[in-house]
Amino acid sequence: MLYEGAKYIWKNLNYYLYSFLFCGIVCLLGELILDNTKLTPGHITSLFVSLGALLSYFNIYPWFVENVGVASSVPITSFGNLLYQACLEGFHTKGVLGMFTNLLTTTSVGISASVIFAFLV
């Protein structure tokens, strides 16, 4: 039984390593920007959301989702990716108005959770 568990971990070692490195690099970039510039954490958050949307526009972030897996959905950059993908899908299905309606439909859980946790803290 223990052997099967070790075999599973060894088989997925690259997946774990890529997940760790991706989140670590995002955190490292955030710390470097915070320590070496006069930007506030709010500015850095907005920067990372915009960076996630930009990477999604150039079809780079979906590559991260495919190869890194669930770790690419953890950092704040994934919210930018989600916003871009929702706008694009809404535009293709319902036109310009669909960009806004689909955006709110897709991201409402994340936005609602942020508002609720902000009140709790």
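**View 1. Ring pairs link Phe22, Tyr61, Trp63 and Phe64 into a cluster.** The model is a predicted one, in which local features need pLDDT of at least 70 and side-chain atom pairs count only at pLDDT 80 or more, while totals for chains, interfaces and linings use all residues. Residues are numbered from 1 along each chain as its sequence is written, and side-chain values use heavy atoms, with hydrogens and water left out. A search of the whole structure finds 7 aromatic pairs, where rings of Phe, Tyr and Trp (its six-membered ring) pair if their centres lie within 6.5 Å, and planes under 30 degrees apart count as stacked, over 60 as edge-to-face and the rest as tilted. The rings of Phe22 and Tyr61 have centres 6.3 Å apart and planes at 70 degrees, so this pair is edge-to-face. Because Phe22 lies in helix 2 and Tyr61 in helix 4, the pair ties together parts that are 39 residues apart in sequence; helices here are DSSP runs (H or I, at least four residues) numbered from the N terminus. Phe22 is buried, with a relative accessible area of 10%, and Tyr61 is buried as well, at 1%, where buried means under 20% relative accessible area, exposed over 50% and partly exposed in between (1.4 Å probe, protein chains only). The rings of Trp63 and Phe64, with centres 5.4 Å apart and planes at 65 degrees, also form an edge-to-face pair.

**View 2. The largest pocket holds about 160 Å³ of space.** On a 1 Å grid over the protein atoms alone, a pocket is an open set of points where a 1.4 Å probe fits, with protein on both sides within 12 Å along at least five of seven lines, and its lining residues have an atom within 4 Å of a point. Grid points are joined across faces, edges and corners, and the volume is the space filled by probe spheres set on the points. Helix 2 (13–36), helix 3 (41–57) and helix 4 (61–68) each supply at least two residues of the lining, and the largest share, 5 residues, comes from helix 2. Among the lining residues are Phe22, Tyr61, Trp63 and Phe64, together with Leu29 and Thr77. By class, the lining has 11 nonpolar, 1 polar and no charged residues, with Ala, Val, Leu, Ile, Met, Phe, Trp, Tyr, Cys and Pro counted as nonpolar, Asp, Glu, Lys and Arg as charged, and the others, Gly among them, as polar.

**View 3. Helix 2 has Ser19, Phe22, Val26 and Gly30 as its buried residues.** What covers these buried residues includes helix 3, helix 4 and helix 5 (77–94). At 1.5 Å a residue, the 24 residues of helix 2 should span 34 Å, and the end C-alpha atoms are 34 Å apart, which agrees; the expected span is 1.5 Å times one less than the number of residues. Leu29 is also found in helix 2, but this residue is partly exposed, with a relative accessible area of 39%. Leu29 and Phe48 are 19 residues apart in sequence and 9.6 Å apart in space, C-alpha to C-alpha.

**View 4. Ser72 and Val70 both have their places in the loop between helix 4 and helix 5.** Ser72 counts as buried, at 1% relative accessibility, whereas Val70 counts as exposed, at 54%. Leaving aside residues up to four places away in sequence, Ser72 touches Phe22, Tyr61, Phe64, Val65 and Ser78, contact being heavy atoms within 4.5 Å. Val70 and Tyr15 are 55 residues apart in sequence and 9.5 Å apart in space, C-alpha to C-alpha.

**View 5. Asn59 lies in the loop between helix 3 and helix 4.** Although Asn59 is not a glycine, this residue has a positive phi of about 60 degrees. At 54% relative accessibility, Asn59 counts as exposed.
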